[in-house]
Amino acid sequence: MRTLKEWKQNALVHTYRHGFSGFAAHLTEEEAKSIAQKPGVVSVFEDPVLQLHTTRSWDFLRYQTDLETDSNPGSVSDSKSQGQDDSIIGILDTGIWPESESFSDKNIGSVPTRWKGTCMGSDDLDSSKCNRKLIGARYYKVSDAVSAKYHSARDRNGHGTHVASTAAGNSLPDVSYYSLASGTAKGGSPSSRIAMYRVCTFIGCQGSAILAAFDYAIADVVDVLSLSLGSSALFRPEFSTDPIAIGAYHAVANNITVVSSTGNDSPSSQTVVNVAPWILTVVATTIDRDFESDVSLGGNKKIKGEGINFANLKKTPSYPLIYGSSARSNSSKVNDARNCKPDSLDKNKIKERIVLCDNDDGEYSMKEKLAELKRLGGVGLVLNDDETRVVASRYGDFPLTVVSSKDALEILSYINSTKEPSGDNSSYCNRGRKQTSTCSGLLLIQSPSYGTKNLLKPNIAAPGVNILAAWIGNDTEEAPKGKDPPLFNLLSGTSLACSHVSEIAATVKAQNPLWSPSAIRSAIMTTG
């Protein structure tokens with residue numbers, strides 16, 4: 001280490017000394033090769049940038065199955081069942097919004113005496129913001145390119161706040177996302193403590209920061225570590241060069257259960273990430289909540305779509321319907337037009353119309369297509385996409401709904417067989433108690449995993465679609481026109497599934513303090 005400091009001024013980024021030995025530094029390729037050849041060096045690898053794997057879910061989960069962690073009444077663990085506030089969940093994510101009521105310490109006991117962590121202050125987050133609920137917050141400098149405003153544990157993205165409150169947020173009645181999904185929002189164990197380790201910024205989640213967080217979390221003595229992030233399925237590092245696998249290995253060796261998300265790159269085969277055997281890997285399922293945004297055709301025919309929008313498109317008058325390929329410009333290809341790619345449609349054919357578009361090009365996002373139709377004067381978008389149909393995305397004040405390919409064919413048949421086809425996009429509705437079955441849908445990750453052919457991953461599934469949880473308090477971009485920023489938001493992804501299982505792991509640990517991470521993983525995977 002001394003030689004390294006002599007080589008370059010400010011070369012050292014992080015040192016790892018609590019749970020394992022190592023460092024992160026700015027090196028040339030030749031310097032890295034030289035260090036790799038030294039005795040005792042296990043691996044040297046380039047610092048990767050990983051990505052985030054972006055209420056009623058807990059009630060639904062408990063309705064589906066009862067968790068039993070000890071069959072011996074009166075045992076030591078039974079005496080713990082009323083004192084789950086001793087469990088500490090460490091979360092590696094984008095930071096936290098400490099002012100949220102989800103993290104209030106009202107009616108919560110003193111901080112566990114074994115806690116060795118701290119609350120790092122910054123210009124926008126005073127250390128006094130931590131309390132008996134949010135007991136710790138750390139952040140890590142990841143790059144000179146990242147603004148100084150990210151040298152803070154404050155969440156500027158929303159993801160960290162959302163997953164933290166999903167795992168262990170307080171029970172709060174009468175909350176919603178602008179009247180949607182209204183009810184009581186709560187984490188799995190509202191009395192558990194939270195320690196946030198901010199490792200992600202707008203550029204992603206730096207591997208060196210992730211390792212630093214693991215290192216400090218081991219020293220801080222957390223019970224569970226929750227990581228709703230990872231690589232893409234295309235980036236398949238060996239365990240010896242994977243910061244999550246390395247950090248998790250040492251955490252588990254220090255009796256910390258590590259829970260992580262699988263990623264959202266399905267439905268292709270072998271798309272699971274975070275596949276190390278010592279990690280509890282979680283995939284997402286749906287819950288009994290559905291957000292409809294229906295298409296009403298002539299003759300009172302209604303097609304069920306999925307999506308959240310705050311449009312004021314009226315049922316009368318109805319609007320002309322047109323298929324994207326029928327509205328192509330003279331210079332565009334039919335395939336581009338049916339997918340409503342930018343610059344492929346004729347403005348005169350789009351204006352004041354609802355447009356049916358396919359979404360199988362994989363080149364432009366739904367919101368890019370929405371922006372294009374809005375620019376051309378279209379009044380609504382019906383998107384044909386079986387995979388996206390599973391998840392209700394948010395589209396602001398523009399009428400957009402996603403339908404299945406089967407329903408899209410019915411709409412197209414109506415357009416082709418009707419002289420003046422018309423329709424409207426009716427307001428959304430929350431079918432929160434209607435849907436009783438679950439499915440993995442879009443977020444199912446196929447096994448076996450790429451890294452361990454003889455090991456099936458993921459380990460378990462948990463709710464991860466349309467989950468309501470706390471949000472950052474200054475997100476004006478998320479707010480519909482004329483509305484205040486939301487205090488709660490709806491997200492989907494394996495991130496939220498990870499949060500659910502993280503709190504189950506913390507609950508099992510609180511009731512069975514002598515259990516190892518392997519025993520906790522086994523109990524969760526085999527409980528029916």
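For these notes I count Ala, Val, Leu, Ile, Met, Phe, Trp, Tyr, Cys and Pro as nonpolar, Asp, Glu, Lys and Arg as charged, and the others, Gly among them, as polar.

**Entry 1: ground rules**

I am working with a predicted model, in which local features need pLDDT of at least 70 and side-chain atom pairs count only at pLDDT 80 or more, while totals for chains, interfaces and linings use all residues. Residues are numbered from 1 along each chain as its sequence is written, and side-chain values use heavy atoms, with hydrogens and water left out.

**Entry 2: the chain as a whole**

I looked up the secondary structure and found 13 helices and 26 strands, taking helices (H or I, at least four residues) and strands (E, at least two) as DSSP runs numbered from the N terminus. Of the 528 residues in the chain, 55% are buried; buried means under 20% relative accessible area, exposed over 50%, and partly exposed in between, with a 1.4 Å probe and protein chains only. The chain exposes about 23300 Å², of which carbon and sulfur atoms supply 47%; these areas come from the Shrake-Rupley method with a 1.4 Å probe, and for residues only the protein chains shown count as cover.

**Entry 3: the second largest pocket**

I next looked up the second largest pocket, which holds about 1000 Å³ of space. Here a pocket is an open set of points, on a 1 Å grid over the protein atoms alone, where a 1.4 Å probe fits, with protein on both sides within 12 Å along at least five of seven lines, and lining residues have an atom within 4 Å of a point. Grid points are joined across faces, edges and corners, and the volume is the space filled by probe spheres set on the points. The lining of the second largest pocket counts 35 residues, and F23, S43, V44, F45 and L211 are the closest to its centre. Strand 1 (12-16), strand 2 (22-25), helix 2, helix 6 (207-220) and helix 7 (243-253) are the elements that give two or more residues to this lining. By class, I noted 21 nonpolar, 11 polar and three charged residues in the lining of the second largest pocket.

**Entry 4: the largest nonpolar core**

The largest nonpolar core has 40 residues, and I194, V259, V501 and I524 have the most contacts inside it. By nonpolar core I mean a set of buried Ala, Val, Leu, Ile, Met, Phe, Trp, Tyr and Cys residues joined through side-chain atoms within 4.5 Å. Among the elements that each supply at least two residues of this core are strand 4 (88-93), strand 5 (134-139), helix 5 (159-168) and helix 13 (517-526). Helix 12 provides the largest share of this core, eight residues.

**Entry 5: salt bridges**

I found 20 salt bridges in the structure, each being a side-chain nitrogen of Lys or Arg within 4 Å of a carboxyl oxygen of Asp or Glu.

What separates D290 and K304 in sequence, and which parts does the pair tie together? D290 forms a salt bridge with K304, with the closest N and O atoms 2.9 Å apart. D290 lies in the loop between strand 14 (280-285) and strand 15 (291-292) and K304 in the loop between strand 17 (301-303) and strand 18 (319-323), so the pair ties together parts that are 14 residues apart in sequence. D290 counts as buried, at 7% relative accessibility, whereas K304 counts as partly exposed, at 36%.

The side chains of D358 and R338 also meet in a salt bridge (2.9 Å, N to O). This pair links distant parts of the chain, with D358 in strand 19 (residues 354-358) and R338 in helix 8 (residues 334-338), 20 residues apart. I noted that both D358 and R338 are buried.

In helix 2 (residues 29-36), E29 and K33 lie four residues apart, about one turn of the helix, and their side chains meet in a salt bridge (3.4 Å, N to O). E29 counts as exposed, at 54% relative accessibility.

**Entry 6: backbone details**

Most residues other than glycine have a negative phi, and most peptide bonds are trans. I found a cis peptide bond joining K457 and P458, with omega about 0°; P458 sits in the loop between strand 23 (429-430) and strand 24. Phi of Y178 is positive, near 50°, and Y178 is in the loop between strand 6 (172-177) and strand 7 (180-185). Phi of V221 is also positive, near 70°, in the loop between helix 6 and strand 11 (224-227).
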